[in-house]
Amino acid sequence: MKTNETTRILHFDEVILNALREDIPWEDVSANAVVPEGVRGRAELIAKANGVLAGLNVFARTFALLDPQAEIVFRKREGEEVRKGELIAEVTGDMRAILSGERTALNFLQRMSGIATYTRRAVKLLEGSKTRLVDTRKTTPLLRSFEKYAVQVGGAGNHRFNLSDGVLLKDNHIGAAGGVKQAIAAAKAYAPFVRKIEIEVETLEQLKEALEEGADIVMLDNMSPETLKKALALAKGRAETEISGNVTEENIGVYASLGADYISSGALTHSAPILDLSLKNLKPIG
């Protein structure tokens, strides 16, 4: 197993265990009251809405951490579209563990599948264009790795994972440095030469200054379509371009034909509704 994959699994386990501890501080009083210890059972994971599945591994791992003998038989694959009423998986294991892990497992799966579903729809709106859709750092605290993974399942890419990943100079960085020119100069002096420098610009004047100072990527923030056309023409061949600022499923089509390299959207993670799923029909088995 690759080291980075091992690290990701360990991180996932840490987050899942903390979520389980939040829901089960010392015992599940309800499950322990009605189910004798050691009884095995089976339940069905069913879709209650149409969408794209993401996080099946997290769903399964939640039950495995409570019951190492738990068995999950999936009828659908990661990234596959599911229809309302379809059977997604069967969960077999200790009935107390199934009852105790149900909500945590569903919370992860519904959240991640909701992000993948929203992302898939947005990606389809960019089909035929050269522009790639990416996410942002507007994620749920401590769940970033889950949510950015779900964005990938939905077909989009990831922007920076964290503040150590790359240089992105935004309005407050520019203000703190004293201007676009000063901010880029400071970043070039501080960051390793292998790092690209991206800067957010809100006007054509700022864009011109950023291009003159040698920015690698310019984030065109909250510009009208008319201004974006002018900005993209100015930046062509001089820097990579990213359109940003309140981009949602409803308006992304407006930007699709403009020819930017990237469109970033915080809505992929902060505004995606969950995909409604349910664990039903739990019964004991012999």
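Rings of Phe, Tyr and Trp (its six-membered ring) form an aromatic pair if their centres lie within 6.5 Å; planes under 30 degrees apart count as stacked, over 60 as edge-to-face and the rest as tilted. By this rule there are three aromatic pairs, and Phe12, Phe108 and Phe146 form one aromatic cluster. This is a predicted model, in which local features need pLDDT of at least 70 and side-chain atom pairs count only at pLDDT 80 or more, while totals for chains, interfaces and linings use all residues. Residues are numbered from 1 along each chain as its sequence is written, and side-chain values use heavy atoms, with hydrogens and water left out.

**Aromatic pairs**

- Phenylalanine 12 and phenylalanine 146 are stacked, at 4.3 Å centre to centre and 15° between the planes.
- Because phenylalanine 12 lies in helix α1 (residues 3-23) and phenylalanine 146 in helix α5 (residues 144-154), the pair ties together parts that are 134 residues apart in sequence. Helices (H or I, at least four residues) and strands (E, at least two) are DSSP runs, numbered from the N terminus.
- Phenylalanine 12 and phenylalanine 146 are both buried, that is, under 20% relative accessible area, where exposed is over 50% and partly exposed in between (1.4 Å probe, protein chains only).
- Phenylalanine 59 and phenylalanine 63 form an edge-to-face pair, with 5.2 Å centre to centre and 75° between the planes.
- Helix α3 (residues 56-66) holds both phenylalanine 59 and phenylalanine 63, four residues apart, about one turn of the helix.
- Phenylalanine 59 is buried at 0% relative accessibility, and phenylalanine 63 is buried with a relative accessible area of 1%.

**Largest pocket**

- The largest pocket has a volume of about 480 Å³. A pocket is an open set of points on a 1 Å grid over the protein atoms alone, where a 1.4 Å probe fits, with protein on both sides within 12 Å along at least five of seven lines; lining residues have an atom within 4 Å of a point. Its volume is the space filled by probe spheres set on the points, which are joined across faces, edges and corners.
- Of its 28 lining residues, Thr136, Lys138, Lys170, Met219 and Ser244 are the closest to the centre.
- Two or more lining residues come from each of β7 (167-169), β9 (217-221), β10 (240-244) and α11 (267-270).

**Second largest pocket**

- The second largest pocket holds about 370 Å³ of space.
- Among the 17 residues that line the second largest pocket, the closest to its centre are Asn158, His159, Arg160, Glu198 and Ile217.
- At least two lining residues are supplied by each of β6 (132-134), β7 and β10.
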